[in-house]
Amino acid sequence: MDLIELNQFPSVAANSRATLVTDELMDKSVHALILERGGGAFTDAHISNLRVRLDGKDVVNGINGTQLVDLNEYDGITTVTNYTFFFFGDPTARTMRGQHLGDMDCSVYRKPLEIEVDIGAATTPTLKAYALTSVPKMQMGADFSAVEAAHFRHLRRSIIQPSAAVTRNTYGVSLGSAAGGRLRKLGFFHTNLTSVEFKKASFTKWDDISIALNNAIAQQFARVPQSGLYVLDRVVDGNQGEAETTADPDGKPWFMEIAVTTSAGDTITAFADMHSAWAMI
């Protein structure tokens, strides 16, 4: 893979938004975006929101630096001082195809990429952006189809807000504006969540699994459970083919139910980790 330093952010300051619009990635496949933080005190916790947009649609939005670190560390991706990573691909996948399936192929989407970083009370912050890139996916020799080349990883944010303790209450989680994507994971940032249930077409796929059991399973596949984060992981073994389809063979959306149990009221921030085409976001 190649490592490319992107153009400078025009303005970087504490308690402000740093914005970069770049067309430097056209005709490349983007495996990861890397933010290099510098200056004085500027940690992941000072990033209150990371937003990545492609042609007017959010690829990532509503996630802060601490949450992004937790999702990465759950996957087993090492946190490095002064660097924040967002992976489109999956460096923990079992195969080359799986590793690059979620890459954003900018030979398919020949549009500028917008990167916005909301910075809190950091001290004299500096910020640089880099991209890990490769050739277009269909040139990798991994037998990607045109449909697969058009799919890339994105995160969709939903809020679940039970006002008191609940038992197997069903809540809606956004999976995109059109059926056809694949659900890799659901990450729930919580305080009082105790278990999660998942049904698809009325069939139970995840049977009201407690935090303790969920963490035990994850650790058998070298995942690293994080405090305050429950991950319903459909690709826990690194096999991207096990991601849940969101549409049946006729293109109709599957009926999916997410039910949570909590010990008290909570505001749960849920991120759906998806592989989708731009039109499905």
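Which residue in strand 18 is the bridge partner of Arg156? The bridge partner of Arg156 in strand 18 is Ala272. The legends below describe close-up views of a predicted model.

**View 1. Strand 10 and strand 18 pair in the antiparallel sense.** The pairing runs over 10 bridges, and Arg156 facing Ala272 of strand 18 is one of the bridge pairs.

**View 2. Arg153 and Asp273 form a salt bridge.** The N to O distance between the two side chains is 2.9 Å. Arg153 belongs to strand 10 (residues 151–160) and Asp273 to strand 18 (residues 268–277), so this pair ties together parts that are 120 residues apart in sequence. Both Arg153 and Asp273 are buried. Elsewhere, salt bridges with shared partners join Arg17, Arg51, Arg53, Asp58, Glu114, Glu116 and Asp118 into one network.

**View 3. Arg184 and Asp90 form a salt bridge.** Their side chains meet at 2.8 Å, N to O. The pair links distant parts of the chain, 94 residues apart: Arg184 is in strand 12 (residues 182–189), while Asp90 is in the loop between strand 6 (83–87) and helix 2 (96–100). Arg184 has a relative accessible area of 2% and is therefore buried. Asp90, at 5% relative accessibility, also counts as buried.

**View 4. Arg223 and Asp75 form a salt bridge.** The N to O distance here is 3.6 Å. Because Arg223 lies in the loop between helix 4 (211–220) and strand 15 (229–233) and Asp75 lies in helix 1 (residues 65–75), the pair ties together parts that are 148 residues apart in sequence. Arg223 counts as buried because its relative accessibility is 4%. Asp75 counts as buried at 10% relative accessibility. A search of the whole structure gives 21 salt bridges.

**View 5. Asp105 is buried and has no salt bridge.** Asp105 is part of strand 7 (residues 104–105). Side chains of opposite charge can pair when their charged atoms come close. For Asp105, the nearest side chain of opposite charge is Lys137, 5.9 Å away, and a salt bridge requires a nitrogen-to-oxygen distance within 4 Å. Leaving aside residues up to four places away in sequence, Asp105 touches Lys28, Ser29, Pro136, Lys137, Met138 and Ala149. Lys137 is thus listed among the contacts of Asp105, although Asp105 has no salt bridge.

**View 6. An open sheet of 4 strands has the order 11-17-13-14.** The pairing in this sheet is antiparallel. Strand 11 (169–171) and strand 14 (203–210) are the edge strands, each pairing on one side only. On average, neighbouring strands of the sheet are turned by 25° against each other, with direction ignored.

**View 7. Strand 13, strand 14 and helix 4 meet at the sheet.** Strand 13 (residues 193–200) pairs with strand 14 in the antiparallel sense over 5 bridges. Within this pairing, Val196 stands opposite Ile209, a residue of strand 14. Helix 4 packs on the sheet and touches both strand 13 and strand 14. The direction of helix 4 makes about 105° with that of strand 14.

How values were computed
Residues are numbered from 1 along each chain as its sequence is written. This is a predicted model: local features need pLDDT of at least 70, side-chain atom pairs count only at pLDDT 80 or more; totals for chains, interfaces and linings use all residues. Side-chain values use heavy atoms; hydrogens and water are left out. Helices (H or I, at least four residues) and strands (E, at least two) are DSSP runs, numbered from the N terminus. Buried means under 20% relative accessible area, exposed over 50%, partly exposed in between (1.4 Å probe, protein chains only). Lys and Arg count as positive and Asp and Glu as negative; His and the chain ends are not counted. Contact means heavy atoms within 4.5 Å. Two strands pair if DSSP finds at least two bridges between them. Axes are lines fitted to C-alpha atoms, for helices over the stretch in contact, and angles run from 0 to 180 degrees between N-to-C directions.
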